Amino acid sequence: MGLSTTTAARWVERWERQQQRYAIDREERFTVVADVVEHVAAGRRSPVVVDLGCGPGSLAVRLARRLPRARIVAVDMDPVLLELARAHAGSAGAAGRVRYVEAEIGAADWTAALGVGGPLDAAVSTTALHYLPGHRLQRVYAQLAGILRPGGVLVNADHLMPEDAADIAVHVGRRRARRQRAFAHEDWESWWAAAERDPELTALFAERRRRHGAPAAGGRTEGRRADGRGTGDNGLTLNRHAAMLRAAGFAQAGPVWQVGNSCVLVAVR
């Protein structure tokens, strides 16, 4: 839709700043996800990685920089965020290394829309899968198990509540988030409201409403609250996620990094 790289860069930069309010140690989480993918992809000529719920490409761009030989497919259902990601990719150092796909995770034939033509080495997600209801997430886990190669991984960085000491985990997460908010001057709602007022994004927001009936302010990618209990949270605990992954066909599932209830969960096919 003719979005300029300058406009895309401005809105992605603002997205990055406002997300610091909600994702605890966000940059470290991205680094841990990349560490896992790099380890699994070692020795692979052209590893294939899918980013689920990619938003404006925050994680996909970081993976492209870290793994220059990887083929990365970034999928989301929001046309505003996807177009920001596409327009920003070149200036962010990921030109030609990330392919963006519009699809609804868990919908019929959504894996076919990825167009990867073979098994995945890794599927990654950051603060997106908690929007899926439990029954749908179970189906998605099974679908991912079916397209990951043996030894491939699903890496999910999200707010995942522990079974024990949950209140303390939430408290620790909130305290850590408050310390980070000094660096984030814009919140989720104000970012969306301001973006819709940009004339260069008008057509994209109109398309967003046409396709999804989405309200002006409020996307689906990267959670809104530091405790993970925002609108659309499926409420599944860390242990429940691990059990669902094993039931879906993953051989192993467990956390590799955690601060409060902010967690990087890895499942090995």
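Predicted model: local features only at pLDDT ≥ 70, side-chain atom pairs only at ≥ 80, totals over all residues.

Reader: Okay, how many salt bridges does the count come to?

Author: The count comes to 17, taking a salt bridge as a side-chain nitrogen of Lys or Arg within 4 Å of a carboxyl oxygen of Asp or Glu.

Reader: Which residue does Asp 35 meet in a salt bridge?

Author: Arg 66, at 2.4 Å from N to O. Asp 35 lies in helix H2 and Arg 66 in helix H3 (residues 58-66), so the pair ties together parts that are 31 residues apart in sequence. Helices here are DSSP runs of H or I with at least four residues, strands are runs of E with at least two, and numbering goes from the N terminus.

Reader: And Glu 207, is it buried or exposed?

Author: Glu 207 counts as buried, at 13% relative accessibility. Buried means under 20% relative accessible area, exposed over 50%, and partly exposed in between, with a 1.4 Å probe and protein chains only. Its salt-bridge partner is Arg 211, 2.5 Å away from N to O, and Arg 211 is partly exposed at 36%.

Reader: Which residues are joined into one network by shared partners?

Author: Glu 16, Arg 26, Glu 27 and Arg 62 are linked that way by salt bridges.

Reader: Switching topic: what does Arg 29 touch?

Author: Leaving out residues up to four places away in sequence, its contacts include Thr 126, Asp 158 and Trp 257; contact means heavy atoms within 4.5 Å. Arg 29 is in helix H2 and is buried, with a relative accessible area of 1%.

Reader: What about Arg 45, buried or exposed?

Author: Exposed, with a relative accessible area of 74%. Arg 45 sits in the loop between helix H2 (26-41) and strand E1 (48-52).

Reader: Last one: in which sense do E6 and E7 pair?

Author: Antiparallel, over 7 bridges, with E6 covering residues 252-259 and E7 residues 262-268. Two strands pair if DSSP finds at least two bridges between them. Gln 252 stands opposite Val 268 in E7. The hairpin has 2 residues between the strands, and Gly 260 takes a positive phi near 60° there.

Definitions and conventions. Residues numbered from 1 in each chain as written. Heavy atoms only, no water.
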